[in-house]
Amino acid sequence: MNKITAAITAVGKYVPDYVLTNKELETMVETNDEWITTRTGIKERRILKEEGAGTSYMAIKAAEDLIAKNNINPEEIDAVIVATATPDMLVAATAVYVATEIGATNAFAYDLQAACSSFLYGMSTVSSYIESGRYKKVLLIGADKMSSIIDYTDRATCIIFGDGAGAVLFEPNTEGLGFQDEHLRSDGVGREFLKIDAGGSILPPSEETIKNRKHYVHQEGRTVFKFAVSNMADVAEKVLVKNNLTKETVDWLVPHQANKRIIEATANRIGLDDEKVMMNIHRYGNTTSATLPLLLADYEKELKKGDNLIFAAFGGGFTWGAIYLTWAYTK
Ligand code: UT7
C-alpha cells in the first residue's frame, strides 16, 4: 500500500472591505507613505469594522468560501483547527464556534497559537493527523483580527498589521503529493521583544493596565527584524539542503508577510528570483496567522500539480520554521 501523505486540496479566503491606506495612517500618527513603503513594502491593509464581529467572523467566511468553491460537504470534515493569536475570547475556543457555524457537525475543533507561526505550526499538526490515517478531512484556518490588539497611537506597530483569514483543506494523498518535510524552531528569549503584557495570567487586566496601554501589542521592531531575517532564511535553507532541492527545483517561496525586506532576504539566501516569491504584503500588511493561506488563495490559479513550495514564517515567542510541500492540483 502506498504511503499516505497530507495534501492541500482546497483553499478559501476572506478579507474585510475596509481599506486602511498609508495616507489615512498619516492622519492618525506621525508617519508617511514613503517611510512605510520603503521600510515594509505595505501600501494598505484591511480592517474589520463590523460591530461585535471577532476573528470567527472572518474565519467562517474564509471556510464558507472554500466550501462553496469546492462543493465540500461540511459534515464530512473531521476536524477544524483555527490558528490565531486573536481568538474571539480567551476561553471557549474560536474553532469550536466556527465548526458549528459552518455545519461541520461531526468535527472536533480547537485553536492553535504560535503568533505569526501559528498557521505554519498548524500545517505540521494537521499533516500528522492525516498521515496517521486517523482523519480524512481536516480544515486549517489562519485568522486574525489584529486591529483588536493594536494601539493606533503607536506608529511602530499600527502601520504593519491588518485583519484577514484564509482556509485550507488537508486530505490524504497516495501519489506522494502534499506535505514532505519541516524544520520548526522556537526560542523563549523572544517574548521580551514581541508581546502583549497584560490580559494573561501574569498580569490580568485592570484599570491600571488599560491606562498604561499594556493590553496592546508591543514590539521592539529592530530586534525582531534581525532575528526574523537570519532565522527565516536559515530554516528555509536547511529544508532545501535536506531535501536536495535547488533554486531551480523550488517553484514557489510562500513566506510570512511581515516585512518585504525580510521576505527578500529569505529569497536571496536560497537564490530565488522574484517571480517565484509569493507576495501580497502591499495589499494586506501583516495579518499574522492569515498570511500563508491568503497567499495560497491569491496565487491558487498559478499553482500547478507537482509544484515544490517552501513555506517559511517567523513570529513572536520567538517561533519560526519552514515546510516543504508539493502542490496537489491544477485549477
Ligand atoms: O510578524 C511578526 C514578526 N514581526 C516582524 O517581523 C517585524 C520586524 N520588524 C520590522 O519589520 C521593522 O523593524 C519595522 C518595520 C517595525 C521598523 O522598521 P525599522 O527599519 O526597523 O525601523 P526602526 O524601528 O529601526 O526605526 C527607524 C526610525 C526611528 O527613528 P530614529 O530613532 O532613527 O530617529 C523610528 O522612530 O524610524 C522611526 N519610525 C518611524 N518613522 C516614520 C518608526 N516607525 C515609524 C513610522 N513612520 N511608522
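Student: What does Lys137 form with Glu76, and how far apart are the closest N and O atoms?

Tutor: Lys137 and Glu76 form a salt bridge, and their closest N and O atoms are 3.7 Å apart. Keep in mind that this is a predicted model.

Student: Why is that pair called a salt bridge?

Tutor: The cut-off is a Lys or Arg side-chain nitrogen within 4 Å of an Asp or Glu carboxyl oxygen. Lys137 and Glu76 come in at 3.7 Å, so the pair qualifies.

Student: Where in the chain do the two residues sit?

Tutor: Lys137 is in the loop between helix 5 and strand 6, while Glu76 is in the loop between helix 3 and strand 4. They're 61 residues apart, so the pair links distant parts of the chain.

Student: Why is Lys137 called buried?

Tutor: Buried means under 20% relative accessible area. Lys137 has 16%, so buried it is. Glu76, at 43%, falls between 20% and 50%, so we call Glu76 partly exposed.

Student: What makes Asp181 and Lys242 a salt bridge?

Tutor: Their closest N and O atoms are 3.1 Å apart, which is within 4 Å, so they count. Asp181 lies in strand 8 and Lys242 in helix 8, so the bridge ties together parts 61 residues apart in sequence.

Student: How do you know whether Lys242 is buried or exposed?

Tutor: Exposed means over 50%. Lys242 has 56% relative accessibility, so Lys242 is exposed. Asp181, at 13%, is under 20% and therefore buried.

Student: How many salt bridges does the structure hold?

Tutor: The structure holds 16.

Technical notes:
Residues numbered from 1 in each chain as written. Predicted model: local features only at pLDDT ≥ 70, side-chain atom pairs only at ≥ 80, totals over all residues. Heavy atoms only, no water. Helix = DSSP H or I, 4+ residues; strand = E, 2+ residues; numbered from the N terminus. Buried < 20%, exposed > 50% of the residue type's maximum accessible area, 1.4 Å probe, protein only.
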